[in-house]
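Subject: Structure for your files

Hello,

Here is the structure I said I would pass on. My notes on it follow below.

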Amino acid sequence: MREEILRISGVNPLKCMKCGKCTASCPAFEKMEYHPHQFVEMVQNNHITPLLESESQYYCMSCLVCEERCPRGVKPQKLIEAVQVLKLRASEGNRLKPQDVANRLDPSLPQQALMAAFRKYSR
Amino acid sequence: MQKIGVFVCWCGSNIAATVDVSKVAGAVKEEPDVIFASDYSYMCSEAGQLMIQNAIKEKGLTGIVVCSCSPRMHEATFRKAAQAAGLNPYMVEIANIREQCSWIHKDKEEGTKKAILLAKAAIAKVRFNEPLTAGETPVTKRALVIGGGIAGIQTALDIADAGFEVDIVEKSPTIGGKMAQLDKTFPTLDCAACILTPKMVDAAAHEKIRLFTYSEVEKVKGFVGNFTVDIRKKARSIQEEKCTGCGACMEKCPSRKTGNEFNERLDNRTAIYIPFAQAIPNIPSIDREACIHFKTGKCGICQKTCGVGAIDFDQQDERITRKYGAIVAATGFQPISLERFDEFQYSKSPDVITSLELERLMNAAGPTKGELVKPSSRKHPSDMVFVQCVGSRGESCREKSYCSKICCMYTAKHAMMIRDKYPDINVHVFYIDVRTPGKNFDEFYRRAVEDYGVDYRKGMVGKVMEQKDGRLLVQASDLLTGEQLLLHTDMVVLATAIEPDKSARALATMLTASMDTNDFFTEAHPKLRPVESPTAGIFLSGTCQGPKDIPETVAQAGAAAAKVIGLLSREKLLNNPQVAKAEERLCSGCSGCSKVCPYGAIDYEVREIWDHGVRKTRRIAVVNEAVCQGCGACTVTCPSGAMDLKGFTAKQIMAEVDAICR
């Protein structure tokens, strides 16, 4: 699971120097059970099930302040997003295949929506 | 025909783990002119050197190849060994099979193949080596120290005490540097001024030391033992020999709106000013950007006030050329700019300050006479927050990748001193790691926590917000309790990262001294030659080489001085004989080489030569071997191939390439 999250997010948690700047900056701190620095630490320690089961992931507002201020360029938000994606894929399965896309193309559909659908619904 | 011996070093497992050394020794035996090849665990050891020397004597070797570490490491060692056995030291070639082979490869078979190729190339080269003899040049027995902070002062004092002349060039109007701005010094809390100003006086009074303050190095020519340096003495607009330092001019100066650099711009100074009371020399300078006379042509009050007529508005910059045998870089550091750290509100709130600003706020000679007040309201603070590692240890564009090293200790010092003087102030320190290695350092930090009740929190400050009541709200994490804290505070002190002084880069270019990516000067060897630059004759003192505190700076300053003394006490220096030489039959006298020569080593003379049996008169390049440093710029510039570098001739290089491509 850890490798999957690292692959999706492109984050290297080993870069973290455990300063807590992400959590110090996080505007959603109060609502979260697990905080940005804990996402980094727990993914690194392959302690991921609690993150998947907690509602913390949904309180992230993607304001990216953690990414902006992290002195080591760790990008905790990307990890939280990866946990969300992992959760979503587990529930929705791998149901969007590239070969199906041509039939479903709609000129009014933004390209970005297609990209987003791929990220969410395919492995 | 040459008789070549090849010696393959294992370097313990450094080479032998990735290169099959006996296979290398076996493979090169078939090379032309090779009559002996062997391997040994440590070639540089006494036994290894003896093995080389015995082979030279017994087999009558005329050239040797040592397959070992980088020539930067042990070329000198093996040359010396060969010389002791009666072989010309320039008949030794090194094949670097450690740094350029075993250390960077994993596959033993591939590594061995490459090592054999490198050995063959070196053998092909040594076949065309010729014995070279080094000439000698005299040493100018005077040193130049660039930078007049504690590092430069200490280096200069140590060199001068050994009996050699030293010049200090300092770009600001006084010597003293950053240490003069500090209040107390850790871990003993003695006052910086009390231990620094006597040294400043010593330097000024020393008969062997000459100070060039308000001066900058403009041009450096020459080489180790024989540098020629142009110094620009900026116009102070004061005749130094007349000025008595009475200070009447400063009292009367009406221009009082310039930020006082010495007090980190926490107050203002006049346009004609002495940076601080103990400045050396105790002579003012006129800041022409701020002076009303220079801006409007009017005023001139200082000139009228001066009883000795020392004010000279027409004074010009002066250029002085001096000769030196050695140069010490002691250019020091500066705190980084906090422009990009918006979250701390440093640019917006006067109550968010750097640690160096706090030094001035707590100094009895500072803008508040040592009373700690909020800069915004001049009121007594009740809560203070310190943030460590601001700009240090980061990877983004606004941060420095290194640890600034001194911040943990000075923050503990500040926190302790505040709690000692004002027990009513609550002091919080946000840290990532507390790093206090050093004699009595960790004990000092523990005293701040245990005896003075400084509140250390593991975590970082996320942001600082200005409140309507004039206080600051600090949002931070406490990672040990898992809380996000909101602290109402009066002042925030940022332990700002340090970086090399901005003048260092240009200076390094003039000195042809190398720097790292952070603009710290590089040492010749990180462990074994820590106070020397790889450029001969250039030495390093203090924070221009890397972050360090005062005890370390003084230690390094003394070490640099010892190296300079060692150099200056020699009567003559051996030149590098691997210098350029023009082949007179090929040279067309085009002047291309002299234009690219960075050392000015090439002249021309008209000479009579024999060209294919015909006597001709021609203009020919002549290399001054004492000045040439063997850089090779001329050899690649020469359109007719007349320039060659002894020991690195085109023929030798081509033989190396051929040996690899064969």
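I will begin with one lysine in chain B. Setting aside residues up to four places away in sequence, B:Lys374 touches B:Asp351, B:Lys379, B:Pro381, B:Gly470, B:Arg471, B:Asp490 and B:Met491. Please keep in mind that this is a predicted model. B:Lys374 sits in the loop between helix H12 (355–362) and strand S21 (383–390) of chain B. Is this lysine buried or exposed? B:Lys374 counts as buried, because its relative accessibility is 7% and the cut-off for buried is under 20%.

B:Gly542 is 358 residues away from B:Lys184 along the chain, and the C-alpha atoms of the two are separated by 19 Å.

Backbone geometry

Most peptide bonds are trans, and most residues other than glycine have a negative phi. The following places in the model are worth a look with that in mind.

- B:Phe186 and B:Pro187 are joined by a cis peptide bond, with omega about -5°. B:Pro187 is in the loop between S8 and strand S9 (190–191) of chain B.
- Another cis peptide bond links B:Ile280 to B:Pro281, with omega about 0°. The loop that holds B:Pro281 runs between strand S15 (272–273) and strand S16 (285–286) of chain B.
- A:Ser62 is not a glycine, yet its phi is positive, about 55°. This serine is in the loop between helix H5 (56–59) and helix H6 (65–69) of chain A. With a relative accessible area of 42%, A:Ser62 is partly exposed.
- B:Thr512, also not a glycine, has a positive phi of about 45°. B:Thr512 is in the loop between helix H15 (504–511) and strand S29 (538–540) of chain B. Its relative accessible area is 49%, so B:Thr512 is partly exposed.

Surface of chain B

Which residues make the nonpolar surface patch of about 220 Å²? They are B:Phe648, B:Ile653 and B:Val657. Of these, B:Val657 lies in helix H19 (residues 650–661) of chain B. B:Val657 counts as partly exposed because its relative accessibility is 38%.

Chain A as a whole

What secondary structure does chain A have? The count is 9 helices and 0 strands, and from the N terminus on the order is α-α-α-α-α-α-α-α-α. The C-alpha trace of chain A spans about 50 × 25 × 25 Å along its principal axes. Chain A has 123 residues, and 44% of them count as buried. Taking contacts in chain A between residues at least 6 apart in sequence, 67% join residues at least 24 apart.

As for charge, chain A carries 18 positive and 13 negative side chains. The centres of these two sets lie 5 Å apart.

Regards

How values were computed
Residues are numbered from 1 along each chain as its sequence is written. Chains are lettered from A and ligands numbered from 1 in the order in which they are written. This is a predicted model: local features need pLDDT of at least 70, side-chain atom pairs count only at pLDDT 80 or more; totals for chains, interfaces and linings use all residues. Side-chain values use heavy atoms; hydrogens and water are left out. Helices (H or I, at least four residues) and strands (E, at least two) are DSSP runs, numbered from the N terminus. Buried means under 20% relative accessible area, exposed over 50%, partly exposed in between (1.4 Å probe, protein chains only). Contact means heavy atoms within 4.5 Å. Lys and Arg count as positive and Asp and Glu as negative; His and the chain ends are not counted. The place of a charge is taken as NZ of Lys, CZ of Arg, CG of Asp or CD of Glu. Patches are made of residues with over 30% relative accessible area and no salt bridge: like charges are joined within 9 Å, nonpolar side chains (Val, Leu, Ile, Met, Phe, Trp, Tyr) within 5 Å. Accessible areas come from the Shrake-Rupley method with a 1.4 Å probe; for residues, only the protein chains shown count as cover. A salt bridge is a side-chain nitrogen of Lys or Arg within 4 Å of a carboxyl oxygen of Asp or Glu.
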